[in-house]
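My notes follow in the order I looked things up.

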Amino acid sequence: MNNQVKGLAASFGAYLCWGFMPLYWALFGHVRGWEVIGHRVLWSLLIISALLLLLGRLEVIKSTVRGVVRSKIQLFNLFMAAVLAAVNWWINVYSVSINQVVELGIGMFLTPLISVVLGVIFFRETLSRLKWVSVILPAIGVLLMIYMFGRIPWIALGVSSTWALYGVFKKRLGINPWVSNLLEASLMLPFACAYLYYLWTTGQGAFIAGGTQITWLLISVGLVTSVPMILFSAAANYLPMSILGFTQYLNPILTLLVGLVFFNEPFDESRLIPLCFIWSGIVLFIYAELRSRPKAAFRIR
């Protein structure tokens, strides 16, 4: 099995996990979203630490920490990445609890295009006229959602903008992604522990008090959310960005289908029409990208 086949397998595995993740969040019932995120920080930190130590990355961790601590800008980038990741995960959990999985899936379609706009703003990247049109079409779709919903679709905008901004700060960090995940979790650990301790002392926590099933689910959240991150990191190492970029659309497609099939959420014209504009933008952007790159860049050997 060559590296690109391994990369494709890892990429599909990651996006399959993320696409079906709402089914996992639904198991938590009425557990507070921030409590789930608190346990994610705690248990994922333990898992990532153990994995990096087993891989013999202790020196890499030490050198990275020294470099980040010396730079206020890097500390800021790390802090923002950690906060955005936490908020993004919370939106994912909360959207399931209020039966808005379809809107969550729609938002995930927006993420790549918002990332493109942020690339122009933060990294002075340039876009062709065709790509600008591909960005404007989803913007029209969002305006239609606001009009047809009669409210701002904050879940769709929140999940897409936080993940796109997370990518910006990760890019500005420019450090090993796994060490970055470790440091992000470490930075959020005091806040997570403080919140979990508050819930425990006030009798509001679900850990142990919520029963055996909920307790094990809260413990498992670190592993369940770390697996797709491990697979995605492997895919990023094996695949060119052009191919990795296309496979990412599996995630919102699956999330949208999960909302429709498993949660029986409505999918009327107020969702379909804006989504058509978003899809049109995605197709146009992919076409523009394919036209601007040599065919060999997309060939899997």
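**Pocket and cavity rules.** I worked on a 1 Å grid over the protein atoms alone: a cavity is a set of points where a 1.4 Å probe fits but cannot get out, while a pocket is an open set with protein on both sides within 12 Å along at least five of seven lines, and lining residues have an atom within 4 Å of a point. Grid points are joined across faces, edges and corners, and the volume is the space filled by probe spheres set on the points.

**Ground rules.** I'm looking at a predicted model, where local features need pLDDT of at least 70, side-chain atom pairs count only at pLDDT 80 or more, and totals for chains, interfaces and linings use all residues. Numbering runs from 1 along each chain as its sequence is written, and side-chain values use heavy atoms, with hydrogens and water left out.

**Second largest pocket.** I get a volume of about 200 Å³ for the second largest pocket. Its lining consists of Trp 34, Ile 37, Gly 38, Val 41, Val 83, Ala 86, Val 87, Met 188, Phe 191, Ala 192 and Tyr 195. The elements giving two or more residues to this lining are α3 (33–54), α5 (72–97) and α9 (177–201); helices here are DSSP runs (H or I, at least four residues), numbered from the N terminus. I sorted the lining by class, with Ala, Val, Leu, Ile, Met, Phe, Trp, Tyr, Cys and Pro as nonpolar, Asp, Glu, Lys and Arg as charged, and the others, Gly among them, as polar. That gave me ten nonpolar, one polar and no charged residues.

**Cavity.** I found one cavity of 30 Å³ or more. The volume of this largest cavity is about 230 Å³. It has 18 lining residues, and the closest to its centre are Arg 40, Ala 85, Trp 89, Asn 181 and Glu 184. At least two lining residues come from each of α3, α5, α8 (154–173), α9 and α10. By class I count 13 nonpolar, three polar and two charged.

**Rings.** I paired rings of Phe, Tyr and Trp (its six-membered ring) if their centres lie within 6.5 Å, calling planes under 30 degrees apart stacked, over 60 edge-to-face and the rest tilted. The count is 14 aromatic pairs. Tyr 15 and Trp 18 make a tilted one, at 5.6 Å centre to centre and 55° between the planes. They sit three residues apart in helix α1 (residues 3–19), so about one helical turn separates them. Tyr 15 also pairs with Phe 232: the centres are 6.2 Å apart and the planes at 75°, so I noted it as edge-to-face. Phe 232 lies in helix α10 (residues 212–238), so this pair ties α1 to a part 217 residues away in sequence.

Tyr 15 is buried at 6%, whereas Phe 232 is partly exposed at 26%. Trp 18 is buried too. Elsewhere, Tyr 24, Trp 25, Phe 28 and Trp 89 form one aromatic cluster.

**Backbone.** Most residues other than glycine have a negative phi, and I noted two exceptions below.

- Asn 99 has phi near 60°, sits in the loop between α5 and α6 (101–123) and is partly exposed at 48%.
- Arg 124 has phi of about 55°, sits in the loop between α6 and α7 (129–149) and is exposed at 78%.

Definitions and conventions
Buried means under 20% relative accessible area, exposed over 50%, partly exposed in between (1.4 Å probe, protein chains only).
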